[in-house]
Amino acid sequence: MPGKGLKFLGSVCLMGLLMAAVPALAEDVIKIAVPSPYTGSAAGFGENVKAGVTLKVEEINAAGGIDGKKVEAVYLDEQCEPREAATVSTKIANDKAIVGIVGHLCSSAHLAALPTYVREGIAAISPTATSVTITDKNKDAKGNVWSFRNVYRDDFQGKFLAQYVDKAMGLKKIAVFYENNDYGIGLKDAFVKEAKALGLTIVGEEAYMKGAQDFNPQLTKMKGGAPEALFIAGYYPEGALIVDQAKKIGLDVPKFGADGFDNADYIKLAGDAADGLYLTAPFLAETAGPDAKKFIETFKARFGRDVDWMSANAYDATAMLADAIAKVGADRAKIRDYLAGINTADKGYKGITGVNYFDKNGDCLKPAYVKMVKGNAFVPAPKQMD
Amino acid sequence: MLEQQLVNGLTLGLIYALIAVGYTMVYGVIELINFAHGEVYMFGAFLCMMFLTVFGAPLIVAVLLSMVCCALMGVLLDVVAYRPLRNAPRLAALITAIGMSIFLQNLAMIIWGSRPLPFVKEALPAFFKVTALSFGDVKISWMQMTIYIVAVALMILLNLIITKTRTGTAMRALAQNRVCASLMGINVNRVIAFTFALGSGLGAMAGIMVSMFYNTMYPTMGYNAGVKAFAAAVLGGIGSVPGAMFGGVVLGIAETLGAGYVSSPYRDGVAYAIMILVIILRPSGLLGRAVTEKA
Amino acid sequence: MRGVTALLGPLKYLLLAAALAYPLTPVSDVYVLHVLVLIMVYMVLAMGLNIMPGFCGLLDLGYVGFYGIGAYTAGLLTLNYDLSFWVIVPLAVVNGALWGVILGAPTLRLVGDYFAIVTFGFSELVVLFLTNEIWLTRGPLGLPGIAPVSLDLSWLSTLLHPEWNWRYDFYGETPYYYLGFLMVTVIYVVMRRVEDSRLGRAWLAIREDPMAAASSGVNLFEYKIIAFAVSSGIGALAGAFFARWTMFLSPDMFKFWESFLVLCMVVLGGLGNIRGALIGAAVLISLGEVLRVVLPGLGLPAETRFLAYGLIMVLIMRFRPGGFFTAVAESTLTSPLIMDLRRTLAARKTG
């Protein structure tokens, strides 16, 4: 009778599932959900977000929590997979103790989770999802925004960088390398559009897949067009290799990237080739206020590595959410209204990444700075855009 | 430019070839697509890095130790996971291979973290950066030369083992007919374990060279490389060792040329398209022996 | 033993009734419903894939390709032409089956694992197409805002009464739960009937011994093509449902790993057994969710979730290499001739 053990197993699974659905009974904590990839190929990024949130939550709890209640961050793994994200989103919506969300990390995962958040009425602040599409899909039927972000949109950074290349650097012939995902394509499209409008020449657009290691064919092809600069729309793990391989084949030109490069590991991976990269960043450590300096030090002491923009943004996003909870209480709808109300620079939250506030679409409006890598360290670029 | 692309393709192809022989040898003896092979390759890189940093071993020692460890890992994989399923339905072993692949990948992630790590630069000899050969614009560094030499040497060695030694003969006998081989007094399990050890050792070497050459390693690196190498093994004729070597080089060059001249987003597609065409037109692969449907 | 079996009959219906009533009870919640709907999607996929390795003995490693084709067909038709779900489903199924035939015609003559490898390559090409043909699929940017399923009977209601408007737009998980339930039931019944039909018997004959099947007058190629088309069509059906349910598609959803997941369900459940496919889907999908809760409870970090997942898969195969159910058709087991034979054999063994 093979069915017997099986029915047992089936019922165990079903029971487990039902148990998984029952929220914890402890009500003296305020929970926030942090859905991000903690396993799979994007887990390294999820680790960054987790680090930022962890620091803020510990800070709040050390100061006595919110209204005497401790804050608990619930880390939910979604592997950066839209399907998993959709499942996780219902788990979050279902746990009534969770009042707000910091996440998701990836735009595609965020987009897959959004319908649930909008339907069930829980607000999310993404510290990292940059896709332009989120702007169109984050409202309910009444036009209320349920998803905010304190990170630039792809189109903003792409446009900004194209202007920087032209106006501040005076470079005219650009080769474009982009990662074939939502981030890379969004960034690339905005960059190329603005570059063409400014009269720059694009001498080649080449794609690569996440996890690729060999970029020589594309670089060799680009070298034929004799570019004066290389724009890389992607993240640092692949970007560092591109920079390294470009130097090896003799394509030693200034490189430009967006926030995807803002990670100390870039320098480790790119080695001697790291110098000569310009990138956008929401804040400059050198000119940042005392809060940011303290954060940078604490981060390094705690995690043994330099801070990156994802951790910094996650830290601020958590702070904004905690702020909202402190002001209006642990009520999902009120938290959303509060967040939506932060719509001018005056009302904005002054965090370590500058003043965080949202426009009517929940997108952030922050100034961008340019950093560069010089002498194997991130330093502010000599020229900044006004 | 064409010359440069060919040089790039050759580097890539030789690495694919080293991984591909692991797939093909295991397939030859037990007809299993060992999906965990890509993970062994990844472990090779990480273990080498660990021997260099934690134990401060010199490069050569670290490389050899890592190869030995991975060979042992391959044997362990066979003994623990696949051997108990030798007489079970074939798909059970395949699912086990997938399960082991997930397990090992996540194990690496827990041990070494999920962020990409650079290779230990200090351990590399200085001459690796020096140009070994140059003609026109094309430069080949000593690092690339080392990859060529090591890969080719290892493959020659492998061929010698397979064709000249008793164990190699036993492996070939097993590939032809397991039952007959065991009737001839061949210790089937030992030969299979040996096959796993050989393939895994070579896979580890490929992992080390890749991480050295590109200066990066991360826990999910086994997937992409594994899939490509698998395609290479098929291209050459799965089960055929010279085929896998040849397939690896062909695939590496085709992929590089495809990315350089045709379309970079479809770079991986080139590999699969060639694979499908070869299978349809010449199902036994470029160098494989013809297979007839077993009645 | 007999008492238990006798009890199982009514119990089965009781469970069925409980499952149907579940979303309406106060204990139902959106998370469990979501996971259950996901399980249903995978049940359909597993039943569809089961035809290939289970019935015909052909290993298909690229099943997710057809799932993706179905999903994108539905997604694009919804976004661009605003067609009703009920029109899209047959179109998606036909499109999936069509690609099955296109791929199958040149490759189904291949022997052994070569067929498996071709299907694998095909599914990778499908993902590359979905990723790179941005003009059509928006590539990695994904397809957001796909309309939910709606049940539009306004044409009928206005005919009956000008002020009636019988239109229902699906909202939340509950309606999808019932739609999914319906889908699983229909496919299950169809599969059970097919298994016992001339078609199913031909497939099983091919699996057991192609040469013997051919000499008994089974047109191997024809039956294999039918199997592939039906299997792909069912994959596309699941895709169409999935697209209108999650309302967001991205090429990431149709990676190679999904094919494996479905194959694991089929093998774990018992190759060739329809009920096994259902159980396999339920076990593997809920396992991921159960581990999410259980592991932190044991003091292990979230990062160990897939470590345990992989290990459990290995262990199940180790101790149940044939899957949960044996691959024997139900009709065979209940046939009086076979039962008689088994009894004789058992008697001979003991005697």
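The link between A:Cys80 and A:Cys106 is left-handed, with -125° about the S-S bond. Keep in mind that this is a predicted model. The two sulfur atoms sit 2.0 Å apart, and the pair forms a disulfide. How many disulfides are there over all chains? The count comes to one.

What does that bond tie together? A:Cys80 lies in the loop between β2 (70–77) and α3 (82–94) of chain A, while A:Cys106 lies in the loop between β3 (98–102) and α4 (107–120) of chain A, so the bond joins parts that are 26 residues apart in sequence. Are these two cysteines buried or exposed? Both A:Cys80 and A:Cys106 are buried.

Now for some other cysteines. A:Cys364 is buried, whereas B:Cys180 counts as partly exposed. Here are their values side by side:

| Cysteine | Relative accessible area | Class |
|---|---|---|
| A:Cys364 | 11% | buried |
| B:Cys180 | 39% | partly exposed |

On to chain B as a whole. Which elements is chain B built from? The tally is 11 helices and two strands. Starting from the N terminus, the order in chain B is α-α-α-α-β-β-α-α-α-α-α-α-α. The radius of gyration of chain B is 19 Å, close to the 19 Å that the globule rule gives for 295 residues, so chain B is as compact as a globular protein of that length. If you follow the C-alpha trace of chain B along its principal axes, the spans are about 55 × 45 × 35 Å.

How much of chain B is tucked away? Of its 295 residues, 63% count as buried. As for contacts in chain B, take those between residues at least 6 apart in sequence: 75% of them join residues at least 24 apart.

Methods. Residues are numbered from 1 along each chain as its sequence is written. Chains are lettered from A and ligands numbered from 1 in the order in which they are written. This is a predicted model: local features need pLDDT of at least 70, side-chain atom pairs count only at pLDDT 80 or more; totals for chains, interfaces and linings use all residues. Side-chain values use heavy atoms; hydrogens and water are left out. Helices (H or I, at least four residues) and strands (E, at least two) are DSSP runs, numbered from the N terminus. The radius of gyration is taken over C-alpha atoms; the globule rule is 2.2 Å times the number of residues to the power 0.38. Buried means under 20% relative accessible area, exposed over 50%, partly exposed in between (1.4 Å probe, protein chains only). Contact means heavy atoms within 4.5 Å. A disulfide is a pair of cysteine sulfur atoms within 2.5 Å.
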